[in-house]
Amino acid sequence: MQFGRYFEEFEVGAVYKHWPGKTVTEYDDHLFCLITMNHHPLHMDAHYAEQTTDFKQNVVVGNYIYSLLLGMSVADVSGKAIANLEVESLRHIAPTFHGDTIYGETTVLDKTPSKSKDDRGVVYVETKGYKQDGTVVCVFRRKVMVPKRSYGDSRGGEQPGRPEPKA
């Protein structure tokens, strides 16, 4: 199975549909909130959400959805990345609730060879996340520095650093 892509493998306009999706649980949401110290009651307190918000239920914290989509895209986009350079934009379009299943896809918007090093380039992509009913919940654009094949070949190929089993 391929993990990421070399610069030469990206084509402007290509769309990578990330698989599988992920059903977001209350546990996922609360754990992420606690790890990141986001204790807003909209995400943590069901009674508060029911009594005081338009949604009448907890809303999954948006940065979890962004992180989930970013992670989903690694195998298709940044698995060979040298560096994540920039998140140009991040938009939360619609709420996600416990029990929703998130799917993602990434479109290649542009690619530019490096001006300073001939063994890499920058790929500009947009990732969209959507729920089981197709509602788009999150969109972000980012730039990723990825190696050319020559970079990978000079550093061990497809699985650099992987040891061989001893007999």
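In which strand is P20 found? P20 is found in strand β1, where strands (E, at least two residues) and helices (H or I, at least four) are DSSP runs numbered from the N terminus. The peptide bond that leads from W19 to P20 is cis, with omega near 0°.

The model described here is predicted, so local features need pLDDT of at least 70 and side-chain atom pairs count only at pLDDT 80 or more, while totals for chains, interfaces and linings use all residues. Residues are numbered from 1 along each chain as its sequence is written, and side-chain values use heavy atoms, with hydrogens and water left out.

**Salt bridges**

The structure holds 7 salt bridges, each being a side-chain nitrogen of Lys or Arg within 4 Å of a carboxyl oxygen of Asp or Glu. Side chains of opposite charge can pair when their charged atoms come close.

| Pair | Distance, N to O |
|---|---|
| K22 and D28 | 2.6 Å |
| K131 and D100 | 3.4 Å |
| E126 and R141 | 2.8 Å |

In the salt bridge of K131 with D100, K131 lies in the loop between β4 (120-130) and β5 (136-147) and D100 in the loop between β2 (83-92) and β3 (101-113), so the pair ties together parts that are 31 residues apart in sequence. Both K131 and D100 are buried, a word that stands for under 20% relative accessible area, whereas exposed means over 50% and partly exposed lies in between (1.4 Å probe, protein chains only).

The salt bridge between E126 and R141 likewise links distant parts of the chain, with E126 in strand β4 and R141 in strand β5, 15 residues apart. E126 is buried at a relative accessible area of 13%, and R141 is partly exposed at 28%. In the pair formed by K22 and D28, K22 is partly exposed with a relative accessible area of 27%, while D28 counts as buried at 16%.

**The segment before β1**

R5 is found in the segment before β1 (15-23). R5 is buried yet has no salt bridge, and the nearest side chain of opposite charge, that of D76, is 4.0 Å away; here Lys and Arg count as positive and Asp and Glu as negative, with His and the chain ends not counted. The side chain of R5 does make a polar contact with the side chain of Y16 at 3.5 Å, and a polar atom of the R5 side chain lies 2.5 Å from the backbone oxygen of D76. A polar contact is a pair of N or O atoms within 3.5 Å, in which, within protein, one must be able to donate a hydrogen and the other to accept it, and residues adjacent in sequence count only if both atoms are side-chain atoms.

F10 also lies in the segment before β1 and counts as buried, at 1% relative accessibility.

**Positive phi angles**

M37, although not a glycine, has a positive phi of about 60°. M37 is found in the loop between α1 (26-35) and α2 (41-44), and at 65% relative accessibility M37 counts as exposed. K56, which is not a glycine either, has a positive phi of about 60° and lies in the loop between α3 (46-52) and α4 (62-78).
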